[in-house]
Amino acid sequence: MIKFQNVAKTFRRARVLDGIDLEIGLGERVALIGSNGAGKTTLISVICGMVNATEGTVVADGHDTVRDYRAARAAIGLVPQELHTDSFETVWATVSFSRGLFGKAPDPAYIEKILKDLSLWDKKDSKIMALSGGMKRRVLIAKALSHEPKILFLDEPSAGVDVELRHDMWRMVRALREAGTTIILTTHYIEEAEDMADRIGVIAKGELILVEDKHVLMRKLGKKQLTLTLQQTIERVPEALAPWALEITEGGHALTYTFDAQKDDTGIAELLRALGEADIHFKDLRSSESSLEDIFVSLVHEKKEVAA
């Protein structure tokens with residue numbers, strides 16, 4: 001449904017996108033995560049025609065977004081990060097007008113369904129200027145869906161919204177995905193990416209560092225840790241325990257062992273025996289694993305170190 005090929009964008013000699021290559025299939029949900037200024041919104045702006053790429057090509061639903069702009073844009077719905085709507089129009093009028101902009105015949109039943117799904121039906125005759133910020137966000141989503149797009153972009157959809165809207169939005173995204181809509185969202189909320197996406201892309205300083213299936217990413221880059229709470233504090237790790245690269249934590253009250261849970265031999269059994277032989281006794285142990293946020297922070301940190 002979408003193909004980015006060597007897409008780059010330069011603003012005043014600053015390269016804000018740098019050689020983006022990405023393919024997204026029919027019905028996929030892809031989350032692009034990155035810090036503020038990483039290039040997420042610029043990438044969306046390129047495909048939606050609001051910004052021209054300096055280099056590269058973008059294809060949406062089989063149409064080049066520059067040479068066949070109208071057909072490409074008709075396949076795309078965009079929920080922008082910023083709140084901007086026709087303040088003096090009613091909810092019903094602005095959503096219906098958005099549908100007409102893409103050449104779609106009037107369909108009051110479809111507009112009614114969208115407004116009801118977004119808890120906007122009782123506000124259909126209200127002017128936009130009279131709505132709360134959360135309601136205005138719902139109107140933006142309704143406008144993006146009004147022409148029944150095959151591709152939906154959500155640019156920082158949870159920015160400044162309440163918990164109820166966030167969960168309503170996630171529920172709608174799942175329903176759209178089941179109907180075959182391809183969904184791309186940009187976010188810096190790791191929880192949102194983890195809940196809504198099939199694949200995760202990490203952007204840092206305009207580069208797409210990695211794009212991976214969410215579960216594969218967790219398996220490949222996620223680490224598990226075993227923390228042993230000691231009966232007595234320890235100041236240094238004995239030489240006999242060096243093979244396990246233990247870390248003294250909690251002010252000397254614990255030892256932490258990081259291991260790859262995918263390996264057949266994690267080394268835990270041998271470690272526990274070695275601790276007994278070294279006369280180090282523990283009173284409690286617990287295991288934990290890296291979260292998607294830990295992985296994201298690690299990847300961005302590695303990128304910064306390479307750049308330095």
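## Aromatic pairs, a buried threonine and a cavity

The structure holds 2 aromatic pairs. In W92 and W121, the ring centres lie 6.1 Å apart and the planes meet at 70°, so this pair is edge-to-face. The pair links distant parts of the chain. W92 sits in helix α3, residues 91-101. W121 lies in the loop between α4 (108-117) and α5 (133-145). Y257 and F259 form an aromatic pair that is stacked. Here the distance is 5.6 Å centre to centre, with 20° between the planes.

This is a predicted model, and each value below is computed from it.

| Residue | Relative accessible area | Class |
|---|---|---|
| W92 | 25% | partly exposed |
| W121 | 29% | partly exposed |
| Y257 | 8% | buried |
| F259 | 9% | buried |

The cut-off explains these labels: buried means under 20% relative accessible area, and exposed means over 50%. W92, at 25%, falls in between, so it counts as partly exposed. Y257, at 8%, is under 20%, so it counts as buried.

**A buried threonine**

T186 belongs to strand β8, which covers residues 182-187. Is T186 buried or exposed? Its relative accessibility is 0%, so T186 counts as buried. The side chain of T186 makes a polar contact with the side chain of D155, at 2.5 Å. D155 is also among the residues in contact with T186 once neighbours within four places in sequence are left aside.

**The cavity**

How many cavities of 30 Å³ or more does a search of the whole structure find? The search finds 1. The volume of the largest cavity is about 30 Å³. Which residues line the largest cavity? They are I141, L152, L154, M169, M172, V173 and L176. By class, the lining has 7 nonpolar residues, with no polar and no charged ones.

Two elements each supply at least two residues of this lining: β7 (151-155) and α6 (163-178). Of the elements, α6 gives the most, with 4 residues.

L154 is one of the residues lining the largest cavity.

Conventions. Residues are numbered from 1 along each chain as its sequence is written. This is a predicted model: local features need pLDDT of at least 70, side-chain atom pairs count only at pLDDT 80 or more; totals for chains, interfaces and linings use all residues. Side-chain values use heavy atoms; hydrogens and water are left out. On a 1 Å grid over the protein atoms alone, a cavity is a set of points where a 1.4 Å probe fits but cannot get out, and a pocket is an open set with protein on both sides within 12 Å along at least five of seven lines; lining residues have an atom within 4 Å of a point. Grid points are joined across faces, edges and corners, and a volume is the space filled by probe spheres set on the points. Ala, Val, Leu, Ile, Met, Phe, Trp, Tyr, Cys and Pro count as nonpolar, Asp, Glu, Lys and Arg as charged, and the others, Gly among them, as polar. Buried means under 20% relative accessible area, exposed over 50%, partly exposed in between (1.4 Å probe, protein chains only). A polar contact is a pair of N or O atoms within 3.5 Å; within protein, one must be able to donate a hydrogen and the other to accept it, and residues adjacent in sequence count only if both atoms are side-chain atoms. Contact means heavy atoms within 4.5 Å. Rings of Phe, Tyr and Trp (its six-membered ring) pair if their centres lie within 6.5 Å; planes under 30 degrees apart count as stacked, over 60 as edge-to-face and the rest as tilted.
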